[in-house]
Amino acid sequence: MTNEWSIQQLARLAGTTSRTLRHYDQIGLLPASRAGASGYRFYDAAGLRRLQRILLLRELGLGLPRIAEVLAEDVPEEAALTAHLGWLEAEQERIRRQIAAVASTLDARRQGEEPMAEKMFDGFDHTVHREEVTSRWGADAYARSDAWWRGLPSAQKKRWQDETAELAQEWADAAERGIRPDSAEAQELAARHVAWLRGIPGTPAADGGDIRGYVLGLADMYVTDDRFGANYGGTAGASFVREALRHHVGG
C-alpha cells in the first residue's frame, strides 16, 4: 500500500518508540490503520496527523486520559490544528523575547555596562499568578513570596525550578499509571509537595498558619484552573493530586 508507514518508521519520524505507539494503540488513543500478516502495525496519513496532535497536547502537559477526551470532542481537525498553531506561535514569540533579553544582558556585560532593567525580563512573567495569590491569601503573602523569589541567586532559582518541574512530572507519571491516591507512593509525593509549599515564604504553609486549609485550597485550584492543572497532566492528573493531598492532610 502507498502512503502508509510501519510502526518502526513512524517511531523514528516522531522521535518516540514502537513501545509507546503500541501502548497508544492498546488504549485506543492511536489505532493502527491496519495490521500486516506478521502482526506489525501500519499507519496512514490520518494516523500521522492524529499522532502530531497527541504529541502537541503532551507538550501542553495533558495526560493521556485528557488527550483522549480532547481528541473525542467534535472539533474539526483543521480548527484544532489552527488552535495548536496559534499556541506554538505565541510560545515562539515568548522564547524569542527571552533570547533577545538574555542577549542584551550578555552584550551589556561584555561592554562593562549595566543591563537595562526594562529589557532584562521581557518574556519572563513570574507574576502570572499574582491576582490569585493576593485574593486568596492577601497582598502581604504575595509581596513576601515575590521578594523571596527576586532575592534568590540565579543558581538557586534554577535549582528550585528544576525541583518543582521534577515533582510535577512525578505527579503526572503516577496519575498516568493509575495508582491509588492513598497508596504509599502517592502519599510520599504528597509529603514532598507539602514540604515544597513550606519552603515558600509568605504562605500559611511557611508561617505556621492553617496548613490544612491552605493545602486543600490549592488542591482545589489545581483542578479548577487549567493553568495549574496542566502542570500535573491536565484535569485527570490534577484530580489525582487533589485526592492524594486531601488524604494526606485529612481532607
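This is a predicted model: local features need pLDDT of at least 70, side-chain atom pairs count only at pLDDT 80 or more; totals for chains, interfaces and linings use all residues.
Local features need pLDDT of at least 70 and side-chain atom pairs count only at pLDDT 80 or more, while totals for chains, interfaces and linings use all residues. Residues are numbered from 1 along each chain as its sequence is written, and side-chain values use heavy atoms, with hydrogens and water left out.

**Stop 1: helix H4**

Select residues 64-72, which form helix H4. Helices here are DSSP runs of H or I with at least four residues, strands are runs of E with at least two, and both are numbered from the N terminus. Now colour Leu 64, Ile 67, Val 70 and Leu 71, the buried residues of H4. Buried means under 20% relative accessible area, exposed over 50%, and partly exposed in between, using a 1.4 Å probe and protein chains only. These four sit on the same side of H4, because they cover an arc of only 115° around the axis; the arc is that of the directions from the helix axis to the C-beta atoms. Next, show what covers them: helix H2 (18-26), helix H3 (45-59) and helix H9 (154-177) are included.

**Stop 2: H1 against H2**

To see the contact (heavy atoms within 4.5 Å), select Ile 7, Gln 8, Leu 10 and Ala 11 of H1 with Ser 18, Leu 21 and Arg 22 of H2.

**Stop 3: salt bridges**

A salt bridge is a side-chain nitrogen of Lys or Arg within 4 Å of a carboxyl oxygen of Asp or Glu, and the count comes to 13. Start with Glu 4 and Arg 34, whose closest N and O atoms are 2.7 Å apart. This pair links strand S1 (residues 4-6) to strand S2 (residues 34-35), 30 residues apart. Glu 4 is buried at 16% relative accessibility, whereas Arg 34 is partly exposed at 29%.

Then go to Glu 176 and Arg 58, at 3.3 Å. Glu 176 is in helix H9 and Arg 58 in helix H3, 118 residues apart.

Finish at Arg 242 and Asp 220, at 3.5 Å. Arg 242 lies in helix H13 (residues 235-249) and Asp 220 in helix H11 (residues 211-224), so the pair ties together parts 22 residues apart in sequence.
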